[in-house]
Amino acid sequence: MFSLDQVRQSLESAGQSHILQFWPELCEEERDAFLQELAQLDLRGLKQHCEGAARAAVSPAASLDQDIDPVPPEFIGSVRKSEQSCLSLWEDEGLLQISRSRVGVLLLAGGQGTRLGVQYPKGMYNVGLPSGKTLYQIQAERIHKIQELAGVKHGSKCTVPWYIMTSEFTLAPTETFFKENNYFGLEPSNIVMFEQRMIPAVTFDGKVILQGKGKLAMAPDGNGGLYQALVDNKVLEDMEKRGVEYLHVYCVDNILVKMADPVFIGFCVSKGSDCGAKVVAKAYPTEPVGVVCRVRGVTQVVEYSEIQPETAKLQGPGGELVYSAGNICNHFFTRAFLNDVAEKFEGKLKQHVAIKKVPFVDSQGNQVKPTKPNGIKMEKFVFDVFPFSRNFVAFEVDREDEFSPLKNADGAATDTPTVARNSLLAQHCRWVMAAGAKLLDQHGHPLPPRASASAGDSPPAQCEISPLVSYFGEGLELLRGKTLTTPFILDEKRAKELQAQ
């Protein structure tokens, strides 16, 4: 533990002596807590961090148009374009690896639900499904089901450990939520929660922002903080002990995420890949998503702000966008690759600038809630390790089946609870009809055979299938020939009743 004098000296040499301006006003308890917080800071790297943030905030995004090429087709798999025989082989390979307990899933859940308008972790959010399930419950049940499917196919008992990266803001409420819900039926020892690092928010002139008289304004270091957190919390050692060789990494907010997707896992393993990414075709040229492509021959994600509109609009011979591989934060890594990143590459990860409204205390000690952006948060991104991969692959999936993120409160144009809910219900309607059942809407009218839900649509019907019954539309033969009135929830109990009929 550093002494006050040591901390004061370090802050002065970093040009941050203002941090202690309210020290005389703090009580003993507040001083102890503040000193402890300051001692945990990288005081030696503070000057560099603050100056770098201020410089980065005024640097315009470089245009990369002259240096980019699409990922070559031989490194891309596709749900839509691949032969069914290939998809089946990949799925078999994925299920085999899962059955041998070689696959883990890792959830990026360090962010707060600020844009969503809630004060708790996004995974605890209930989007208004007929069942009332939260994102965490849906994901837990998908893990449960994929363990069961792999175990039954290969006659083995297997485990898919669930690693959950939280932040200072989300760890305690997430732990409490899981305990209160009995870990959603999963074995608690197979759920490993850990925290990513926090770093200070900085003003445009490079000064650390005080959130309170004895409290810094801290923010998680972005989802790319994962690689340092794996080391800090000995997660790679835990994976090795469990025999986990492959990791599926994803973001908490995608309601359609396929946990430990055996087709994706199997594709990456079959290709001998150390690093892979799921992508979706961009909806339109200027859609604000990063694009997986090559920059000077090296695979990376290029932000939409780094590509000129003319380049974004380029089309191939079939009319498809040339730069179409939209990144959805859904990745595959081998443990060996993650070890390499931790040992050799973590320090080389790029820092990205996020300009934010950061509450602060002014020089008089008054609490201020800014109305316009006043601070810089520096973040690393999980995909910035792609350039270090020796054998990178991309896997294109259908957006309507695998990607509907929850980011904004209802009333926004996209990515709202209503859109997420409708995406899932529409998918379940498609599954039911594909199984040979007829669905009636609330007025008793048969639904059209193809159910879809675009951003503003209502779902065709309130039809929800528990992940404990079906992981991805499989096992629904029990519905064949049946006429189902909606709202309809197919949980395990209802499935047993229908089987008995």
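1. Cys293 is in none, and the nearest cysteine sulfur, that of Cys275, is 14 Å away. Cys293 is buried at 0% relative accessible area, while Cys27 is partly exposed at 38% (buried is under 20%, exposed over 50%, partly exposed in between; 1.4 Å probe, protein chains only).

2. A note on the source: this is a predicted model, with local features needing pLDDT of at least 70, side-chain atom pairs counted only at pLDDT 80 or more, and totals for chains, interfaces and linings using all residues. Residues are numbered from 1 along each chain as its sequence is written, and side-chain values use heavy atoms, without hydrogens and water.

3. The structure holds 19 aromatic pairs (Phe, Tyr and six-membered Trp rings with centres within 6.5 Å; planes under 30 degrees apart are stacked, over 60 edge-to-face, the rest tilted). One of them, Phe264 with Phe332, is edge-to-face at 6.4 Å and 75 degrees. These two residues are 68 apart in the chain, and both are buried.

4. Trp431 and Phe472 also pair edge-to-face, because their ring centres are 5.8 Å apart and their planes at 75 degrees. Trp431 is buried at 10%, whereas Phe472 is partly exposed at 28%. The charged end of Lys258 sits over the Phe472 ring, 3.7 Å from its centre (the criterion is NZ of Lys or CZ of Arg within 6 Å of the ring centre and within 35 degrees of the ring normal).

Key. Disulfide = S-S within 2.5 Å. Helix = DSSP H or I, 4+ residues; strand = E, 2+ residues; numbered from the N terminus.
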